[in-house]
Amino acid sequence: MRNDKTIALVGNPNCGKTSLFNVLTGSNQHVGNWPGVTIEKKHGFMLFKGEKISAIDLPGIYSLDTMSEDEVVTKNYIVNEKPDIVVNVVDATNLERSLYLTLQLLEINVRCILVLNMMDEVEVKDIKIDSSKLAQLLELEVVSIAARKSQGIEELKQTIADEINKNIETSMTNSEFDNNQKEEDDVTVYKTISDIVEQCVKIPEKKIVSVTSQIDKVVLNKYLAMPLFFIVMFMIFEFTFIFSEPFVKIIESIFEFVGVNVSNWLTMLGSSSLVKSFIIDGVIAGIGSVITFFPSILLLFFFIALLEASGYMSRAAYITDRFMASIGLEGKAFISLLLGFGCNVPAIMSARTLQSKKDRLITILINPFMSCSARLPVYILFANAFFRNSKGLVVFSLYILGIVIAVISAKLFNRFLFSSEKSMFLMELPPYRLPHMRSIMLDMWQRASQFLKKAGTIIFGMVVIIWVLSSLPIGVGYASSQSIIGRVGSIIAPIFIPAGFGNWQAAVALIFGVMAKEVVVSTLGVVYGVGESGILKELPKYFTTLSAYSFMIMTLLYIPCASTIGAIRKETNSWKWSMFSIVYSFTVGWIMAVLVYQIGSILGFK
Amino acid sequence: MGKTLNVLNIGDSAEISAINLEARAKKRLMAMGIVPGTMVIVEGFAPLGDPMQIRVKQYNLVIRRSEAEKILVK
């Protein structure tokens with residue numbers, strides 16, 4: 001048993017629960033995952049008059065018994081961990097639906113406080129709520145607040161403190177929900193709710209045209225919706241990957257600077273070249289490759305949080321759902337895939353906004369086929385060397401190929417891996433709301449720093465492994481043909497003969513490309529012994545135009561980079577799916593490269 | 001067979017009379033307030049014609065036509 005008192009926040013999505021949690025706990029938060037699932041678990045402390053009360057933010061749900069992951073997590077927590085008080089947060093502008101969950105909570109006999117949030121909006125809408133009557137009918141404490149404006153928070157804290165110290169022994173009825181519960185029961189529940197609402201709430205007769213419906217007239221307009229959506233996506237894309245570029249450059253030069261200085265310093269100390277190489281090429285380069293992602297991840301999460309909090313994210317899903325349904329996914333998956341063109345890492349992390357587990361997994365698994373910006377330098381190098389007159393077209397064809405493979409893969413996965421699960425798209429379209437900046441910044445920071453911690457260790461580990469393989473046995477030149485990686489390259493090179501690029505250097509470049517795709521370019525420079533500037537002239541000695549194209553296809557499709565693997569591992573919480581992704585993408589990449597080379601050869605291309 | 005939710009036009013209002021979906025899907029709909037006896041108003045359709053947006057119990061809900069097809073209204 002715990003000694004400290006605990007409250008748990010329960011409520012519908014979009015009811016302002018997380019805003020309230022942030023206001024209650026300030027920055028005393030810890031974000032983790034619920035065991036075995038990728039649902040976020042937020043834990044924090046609320047301080048009130050010298051008393052420290054532990055607080056848990058449970059996932060947003062509409063009911064306790066439809067068996068979704070969110071609901072199972074919530075129910076298990078309430079039943080097994082027995083929080084002292086459940087703080088049921090409801091959107092006061094929409095009591096009729098919100099109270100359904102409240103009644104379910106009361107049914108399992110948990111001690112509840114009902115928090116009427118969004119009272120500021122209630123006032124604007126001229127809705128009158130008799131909260132004492134509500135308290136009397138439901139037999140629980142009712143507190144009115146406006147979390148985003150921090151109104152009513154002191155009263156709420158006082159009520160929580162009073163209730164928690166009452167020390168009433170309650171026996172929670174741990175009755176399993178009856179899934180065959182009759183439809184009539186729900187009808188009765190809603191009848192009860194209607195009666196309660198009728199007695200306590202007065203909604204003005206005159207219908208006010210809401211700001212939301214005015215905005216939606218434009219945003220969801222039949223002709224304007226799509227163009228507007230693409231403008232929004234384009235802007236996020238631009239801001240994320242272009243605004244972060246100067247920061248990325250700065251970070252890169254800092255790491256370069258540090259590398260050079262540490263290298264000089266190590267030479268001065270007279271350390272062996274092996275130690276030096278480990279620190280420079282392994283540790284510093286490894287940390288650097290993780291940190292350089294950070295600015296774009298921060299920015300991207302900022303925009304995602306902004307879209308979610310403002311209400312646009314749901315609209316974007318609404319607009320694109322029809323298209324995504326055709327490949328067995330839901331609307332929100334589109335956004336995640338689109339972001340993949342910038343960087344697959346944050347794109348994969350954005351998939352956590354999807355409701356169904358199946359959709360989330362498929363979206364994650366097909367994401368690496370979206371050609372991220374790191375692959376562009378490789379395309380550009382080869383296009384410059386071999387396709388001088390059709391550069392744009394060749395690069396464009398690769399992007400299209402990636403999309404086609406993603407679409408086909410989604411259909412395959414749906415058909416063969418998850419055929420039993422049928423997705424249902426049911427989503428609330430919340431009113432537009434002015435985002436609460438502090439919550440957004442907090443959200444952004446939590447998600448991004450989580451990435452740094454978890455994915456960072458995996459990425460770093462892989463970088464070190466590659467370093468070790470490049471430097472051993474002792475005495476060989478870094479990544480030379482005598483190093484382990486060079487030998488591995490020579491061993492696996494033959495499997496690329498059918499694809500037209502069976503030289504060991506190409507194989508080594510692909511192995512290094514797993515660290516980060518753009519590394520393919522610099523690796524080719526190293527293994528050909530000409531440096532980055534000399535590759536352009538060197539390439540035609542090893543590739544024909546056709547094998548250059550098949551190599552580009554391989555670079556597009558094969559094994560995701562270390563950071564992406566890290567993100568997949570983190571988001572799916574499974575090594576199995578990470579391995580699947582590696583094997584699947586390598587196989588697909590190889591097949592496509594071979595097909596293109598062989599068919600191309602038959603057609604007489606060189 | 002009566003009318004189903006998916007054939008209504010924008011601005012039409014109707015009362016839900018029955019839901020012909022399997023238990024779990026039905027349960028999800030009910031948790032969102034879609035139960036027999038509830039009034040709904042069709043607010044609009046997505047630009048590509050699907051899904052549709054309906055107003056129920058003071059909020060807006062997005063539902064695919066394939067599911068709306070299984071919801072009888074009067």
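Which side chains meet in a salt bridge with an N to O distance of 3.6 Å? In this predicted model, the partners are A:E96 and B:K57, and their salt bridge belongs to a count of three between chain B and chain A.

**Extent of the interface**
- On the side of chain B, 30 residues are in contact with 39 residues of chain A.
- The area buried between chain B and chain A comes to about 3,400 Å², and carbon and sulfur atoms give 60% of that area.
- Within chain B, the residues that lose the most area to chain A are B:K27, B:P47 and B:R64, which together account for 21% of what that side buries.

**Polar contacts and the make-up of the chain B side**
- Between chain B and chain A, the count of residue pairs in polar contact is nine, with both residues at pLDDT 80 or more.
- The elements of chain B that each supply at least two residues of the side touching chain A are α1 (23–31), β3 (39–45), β4 (52–56) and β5 (59–63).
- The most is given by α1(B), which contributes eight residues to the side of chain B that touches chain A.
- Sorted by class, that side of chain B has 17 nonpolar residues, alongside five polar and eight charged ones.

**Strand pairing across the chains**
- Strand β10 of chain A, residues 426–429, is joined to β5(B) by four bridges, and the two strands run antiparallel.
- Opposite B:L61 in β5(B) stands A:E428.

Technical notes
Residues are numbered from 1 along each chain as its sequence is written. Chains are lettered from A and ligands numbered from 1 in the order in which they are written. This is a predicted model: local features need pLDDT of at least 70, side-chain atom pairs count only at pLDDT 80 or more; totals for chains, interfaces and linings use all residues. Side-chain values use heavy atoms; hydrogens and water are left out. Contact means heavy atoms within 4.5 Å. Buried area is the accessible area (1.4 Å probe) that two parts lose on being put together, summed over both. A salt bridge is a side-chain nitrogen of Lys or Arg within 4 Å of a carboxyl oxygen of Asp or Glu. A polar contact is a pair of N or O atoms within 3.5 Å; within protein, one must be able to donate a hydrogen and the other to accept it, and residues adjacent in sequence count only if both atoms are side-chain atoms. Ala, Val, Leu, Ile, Met, Phe, Trp, Tyr, Cys and Pro count as nonpolar, Asp, Glu, Lys and Arg as charged, and the others, Gly among them, as polar. Two strands pair if DSSP finds at least two bridges between them.
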